[in-house]
Amino acid sequence: MAHGPLRPMTSRKSAPLKGVAHVPGDKSISHRSLILGALSVGETRITGLLEGADVLDTAKAMRAFGATVGRLGDGEWVVQGVGVGGFAEPEDVIDCGNAGTGVRLIMGAMATTDIVATFTGDASLRSRPMGRITDPLALFGAESVGRSGGRLPLTLVGAADPVPVRYHTPMPSAQVKSAVLLAGLNVRGDTVVIEQEATRDHTERMLAGFGAEISTEVTEEGRVITLKGQPELTGQVIAVPRDPSSAAFPVVAALLVEGSEVLVPNIGQNPTRNGLFTTLIEMGADIVFENERIEGGEPVADLRVRHSALKGVEVPPERAASMIDEYPILAALAATAEGPTIMRGVKELRVKESDRIDAMARGLEANGVTVEEGEDFLIVHGADKVPGGGLCKTHLDHRIAMSFMCLGMAAEKPVKIDDAGAIETSFPDFLPLMERLGASFRKENA
Ligand code: S3P
């Protein structure tokens, strides 16, 4: 995403939120739909695709690698794939904008094809570690040259004669797991990824759906995921469920603002993603999961949320992977809960779109909230009233921006963010959607 001028905004104390919040399609599943569609033979039809900047950058990248990608209507896309091993060498640099998932999965998908590609992104993405991807890809035979610390821009030389890999992921990361599995597609033999903690399993579910032979075994070593190389993937029809990570914002806003009742329909409830909802229930949230069902292989429910007085909790570290993107909004909510909310085992938050422990701690402090932080923990001390009145730096991070817009809805004085631009990456409709529910936002001068 080319980032334009800063777009400061304020969020002030809101009237009760009422209505229905249709959040956009799941970002993780949207990226994977395009990438797996591009690696398949024949046509993949997608509905409900997230049309945020991150995913649009992945669509552009898939075209650069030779797939035909077209938009038929709102969220409705079609991909004509090139088949496993069929990627062509891009003519120009691949710009993945703000998208860590996009660039990391695409690097995996091309690493075992005999082509060369150079990747870059915005200032946030260029600051994020890529060694976690290029290290396992080197085991397949791929070579890379990046900036110091393996940062973007980075050139990846795909392995001409790749060998299968058995890899223990050194950190809980679905992006690392997925990059290795996608690389394993174009390799003869079994590629094995072993993870200690379950991370989101969309890649495994979708690879199976596209026709790959893939299995997961829970052993003493961890979760052992085995993919048989060189399958023929065939185009699929995919209905992308709505994103639980985006749903988190209207859900938490409804909990925060007195008198609110909001319905958030069709939200993915994949157990590798739903840690926030478990935590909210433990805090005393009034959330009813209506119409629980399976859609497109993923569990889905409609969430009815009513304002609730909440208690701080200690979030167990083993839950971190299943709510990793939701800590910023949980930290905002925790500011209004009774007592401390303790979040440990969250050092991965330091290498997201921003250092999310630091960004939340500084923004909360600026608004009169007491916090404690360390390398891998954040503690937010809740209080009856959040004073507000502070300026929050968002560091090109959509989730930081949306979290502070939600905090402002319940604070005594308006909460200001320095830039709402990054919200485009995952939730382009966030501001009008929340305003329709009753939120009171205002654009400020840069
Ligand atoms: C994602 C995995 C997570 C998450 C990101 C999306 C994915 O990152 O934070 O927003 O779609 O695989 P990590 O794998 O780095 O934890």
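Tutor: P153 belongs to strand β9, which spans residues 151–157 (strands are DSSP E runs of at least two residues, helices H or I runs of at least four, numbered from the N terminus). L152 and P153 are joined by a cis peptide bond, with omega at about -5°. Most peptide bonds are trans, and most residues other than glycine have a negative phi. H395 also deserves a look: its phi is positive, about 50°, and it is not a glycine. H395 sits in a loop, with β23 (391–392) on one side and α12 (398–408) on the other.

This is a predicted model: local features need pLDDT of at least 70, side-chain atom pairs need 80 or more, and totals for chains, interfaces and linings use all residues. Numbering runs from 1 along each chain as written, and side-chain values use heavy atoms, without hydrogens or water.

Now the ligand. Around the ligand stand S28, R32, T101, P172, S173, A174, Q175, R200, I324, D325 and K352 (a heavy atom within 4 Å). S28 places a polar side-chain atom 2.7 Å from a ligand oxygen (N or O pairs within 3.5 Å count). D325 also has a polar side-chain atom at 2.7 Å from an oxygen of the ligand. For K352, a polar side-chain atom again lies 2.7 Å from a ligand oxygen. Taken alone, the ligand exposes 390 Å², and the protein buries 96% of that area (Shrake-Rupley, 1.4 Å probe).

Next, the open space. The largest pocket has a volume of about 600 Å³. The lining of the largest pocket has 38 residues, and nearest its centre are P172, S173, I324, E348 and K352. By class, the lining of the largest pocket has 19 charged, 11 nonpolar and 8 polar residues (Asp, Glu, Lys and Arg are charged; Ala, Val, Leu, Ile, Met, Phe, Trp, Tyr, Cys and Pro nonpolar; the rest polar).

The second largest pocket holds about 480 Å³. Its lining numbers 23 residues, with L256, E258, H307, T336 and D384 nearest the centre. The classes here are 12 nonpolar, 7 charged and 4 polar.

The largest cavity has a volume of about 50 Å³. L39, V84, G85, A109, T112, T113, L182, L185 and N186 line it. Here 5 residues are nonpolar, 4 are polar and none is charged.

Notes. On a 1 Å grid over the protein atoms alone, a cavity is a set of points where a 1.4 Å probe fits but cannot get out, and a pocket is an open set with protein on both sides within 12 Å along at least five of seven lines; lining residues have an atom within 4 Å of a point. Grid points are joined across faces, edges and corners, and a volume is the space filled by probe spheres set on the points. A polar contact is a pair of N or O atoms within 3.5 Å; within protein, one must be able to donate a hydrogen and the other to accept it, and residues adjacent in sequence count only if both atoms are side-chain atoms.
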